[in-house]
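Let's take a friendly walk through a protein model together. Have the sequence and the 3D view ready, and follow along section by section.

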Amino acid sequence: MAKAPHSTDTPKRGQSGSNRSRLHVPEPPFRPGDTPDYSHVSVPVKHTPVRPDPLCEPHETADHALKLIRVLRFNGEAVGDWNPNLSNDMLMKALTDMMMTRAMDERMFNMQRQGKMSFYMKSTGEEAVSVGHAMALKNTDMTFPTYRQQGILISRGASIKEMMCQCLSNSGDPLDGKSIPVLYSFKKHGFFSISGNLGTQLIQGVGWAMACAYKNEDGIASVFTGEGATAEGDFHYALNFASTYRAPCIINVVNNQWAISSYQGIAMGEGESFAARGTGYGLATLRVDGNDILAVYAATKWAAERARKGGGATLIEHFTYRQEGHSTSDDPSKYRPKDDSEAWPFGDPIARLKKHLISLGVWDDDKHDALAKSCKEEIRDIYKSAEAMGNLSGATHVNDYTMFEQVYEHPPEHLERQRRMFSEELD
Amino acid sequence: MPINIQMPALSPTMEEGTLSKWLVKKGDSVTSGDILAEIETDKATMEVESIDEGVVGEIVVAEGAQNVKVGAVILRLLEDGEDESALTDDSGDDTSADEEIEDKGEDKPGTAGPAHPENEDANRDEPPSVPKTKPQNDPDIPTNVAMKETTIRDALRDAMAEEMRRDDKVFIMGEEVAEYQGAYKVTRELLQEFGSRRVVDTPITEHGFAGIGVGAAMGGLRPIVEFMTWNFAMQAIDHIINSAAKTLYMSGGQMRCPIVFRGPNGAASRVGAQHSHDYSSWYANVPGLKVVAPYDAADAKGLLKAAIRDPNPVVFLEHELMYGESFDVPDMDDFLIPIGKAKIRREGSDVTIVAHSRMVGRALEAAEKLAEEGIDAEVIDLRTLRPLDTDTVVASVKKTNRLVCAEEGWGQSGIGAEVAARVVNEAFDYLDAPPARVFQKDVPLPYAANLEALSLPNSDDVVKAAKTVCYK
């Protein structure tokens, strides 16, 4: 029998048995050894709330911050006024991009385990957030992602080989060995350089959006944070500036329940939702089932339209679940039950889209298995061509002299001198 | 005995102001709390309240008078029973206006309070004048150009205004830069000329608007971010260093960040430890940043214009106590000074004194004092702290064989330490004495006037160091 979640054991406010205050440290509902049971997490049966006009007043979305926008039912049906009614081609692109992202993550994780690279981060279970979001934006809109939105690059057609070469730190690395695995930078694909300092990009993205408005351009910015880094000041500054200057941007909180080993209650307390953080700042707020790619797409479309038409910023909470460890350095079985992700009531985003396609009569298990196989093979082939350019366990082949480049736009004299001395030493 | 009402100071650094309006006239009776006049400085306006009762005997300073010194008598109030004849009877009045002004003078920036009888050293007044020695050759300034006397405040303002006229991508953002015209009035009239789209008041969050600026720069604009003081930029330092300075590199050259962070740096007058920090060596330590710290108005203008046009992030360190100082500025279009070039402010043959920002003034004063003692000092103004123009310093030391590095900030890991290390490395055989350094005492800057003056290096410290390296 399922053990009751710990949170129900927590004394309610004012019921600590005395008139004295007590320090309250939030605890996740389940720890290793527990049998996870998420029946206390309410899964809305009706696909509420309604879709308001994208240029509505912010307070008209206050209720949306506490509910959950869903389109895909678990039986595969797509219903409700948020249903974007995507074409079969779009649905197939969404499925393929999510499966390519997952296949790449699998491969890279395994290769890290074999010593081919120092570090890797998977986005398993969260592919709908990045792929669905990217599909609803223009390719020229600038995204400010975290390290778990590689799906944006895959959706926008970035070179998977270049991504892999960066992780492998070889001569094909487009960044010449200047950044670490997974912290990609693809300006031409509207993918800002990922910062290892969490949160900084939130406010920078708002600044970028304000620059778009200043220049009377059509572009918008879409910035990302995990739920953990919403505790950074940057998040609050970003919300404040986005509201004050009505910046054309989308602020995405990907709530995957876990910041390494800290569950989401550590970042927020046991409050209502991360989306509700936006209400106090006067922003439009949406909370969306992040494992439902159609809901992610629909919410993003709504927010993008609002931003582009001068309605200002929207805070979207993508409610999802981190199926794997935080990174290759993490072992989640130390702090949560092994089968926690399977008990998560919102399912897996790829499985849910697959079911929808089957319900439309355009897909079946055989086709799905064949696609999974071809994704795996394609990733394998790309990886092989990438690793042919070097990997961590062999000699790296990043050009030594590039170290001195791009510190400044034009190399200053003292750096030229250092470079000359360096080359004399090498010769 | 009539009561002398003096020109009040709005702030510890105010030296003079404008008497904009009288609200009383001769013969009026006033009581405590009545508003007598309105005065204003370039920073703010205030009302002068009477704290005494009496009859207005004489209005000493006329309405509209400008540059009224703090402490000057502006009105004389007749006490109960006095008549006008009291106004001329100053005999035995040991609080006469002249002396009041002198007493007040000790509150001026850069001067200490009265010497403690047991501590002669406490009275280390600096002359209030700022040396304006011109170098014999200044390649930055054409010889046929007229000069215009300009305060540093206005030189900075002119630089921004000119660049904003030239390039629509340039805008300024910060706390109180628009409606209030800048906490130190450096953005005076920019809002009126360029509007609120380009002169943007921000919420009170240095971290927030520094991040906005970095994002806007990477998004193709050329922001000028004003910090009310660099002390407040401590919370913005993550954006300045981790993002502005490093992203070009980490993105393999894709993400560009042309941005200027500017504001007053270092000690001001009686503002305590948290408002007096000199960040010169902090920012000068970071690859990817350029760091500029000008001394006079021409450099302030020419270097700020160059900073705004620079494709890299530039940290521009101003000095609160220098904003009101006037210097000659070449009256010409597009007066730019290249970032990364030091300037020989005074030529000399016996010892090289290296300084930056306000300390250049102290070094020039020291050079004059040294000249009286037969020591001919060369004074180098670094102007840019990163990239550091070592060549100019080394060439000078090869001539003088002696080096004094002077700075207002702390010594450890300071600019002087860096300059001395480079000179030892590149000109060791030319040195006739170990390099000497002059810097702030190794304590948070205290508030009390005498302690503040004791903490900060002055021209006598530079003289002493120069004599030490000259073995005199």
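## A helix and what comes after

Which residue with a positive phi follows H2(A)? Gly115(A) does, with phi near 80 degrees. Helices (H or I, at least four residues) and strands (E, at least two) are DSSP runs, numbered from the N terminus. Helix H2 of chain A covers residues 88-113, and its 26 residues should span 38 Å at 1.5 Å a residue, which agrees with the 37 Å between its end C-alpha atoms. The expected span is 1.5 Å times one less than the number of residues.

## How to read this model

This is a predicted model, in which local features need pLDDT of at least 70 and side-chain atom pairs count only at pLDDT 80 or more, while totals for chains, interfaces and linings use all residues. Residues are numbered from 1 along each chain as its sequence is written, chains are lettered from A and ligands numbered from 1 in the order in which they are written, and side-chain values use heavy atoms, leaving out hydrogens and water.

## Chain B as a whole

Chain B contains 14 helices and 22 strands. Of its 472 residues, 59% are buried (under 20% relative accessible area; exposed is over 50%, and partly exposed lies in between, with a 1.4 Å probe and protein chains only).

Most residues other than glycine have a negative phi, and most peptide bonds are trans. In chain A, Ser169(A) has a positive phi near 55 degrees, and Asp176(A) also has a positive phi, near 55 degrees. Ser169(A) sits in the loop between helix H5 (160-168) and helix H6 (200-214), and Asp176(A) lies in the loop between H5 and H6 of chain A as well. Ser169(A) counts as partly exposed because its relative accessibility is 25%; Asp176(A) is partly exposed too, with a relative accessible area of 25%.

In chain B, Arg386(B) and Pro387(B) are joined by a cis peptide bond, with omega about -5 degrees. Pro387(B) belongs to the loop between strand S20 (384-386) and helix H11 (390-400).

## An enclosed space

The structure holds 5 cavities of 30 Å³ or more. A cavity is a set of points on a 1 Å grid over the protein atoms alone where a 1.4 Å probe fits but cannot get out, and lining residues have an atom within 4 Å of a point. Grid points are joined across faces, edges and corners, and a volume is the space filled by probe spheres set on the points.

The second largest cavity has a volume of about 80 Å³. Its lining includes Asn265(B), Asp278(B), His319(B) and Glu408(B).

Technical notes:
1 Å grid on protein atoms, 1.4 Å probe; cavity = no way out; pocket = protein on both sides within 12 Å on 5 of 7 lines; lining within 4 Å.
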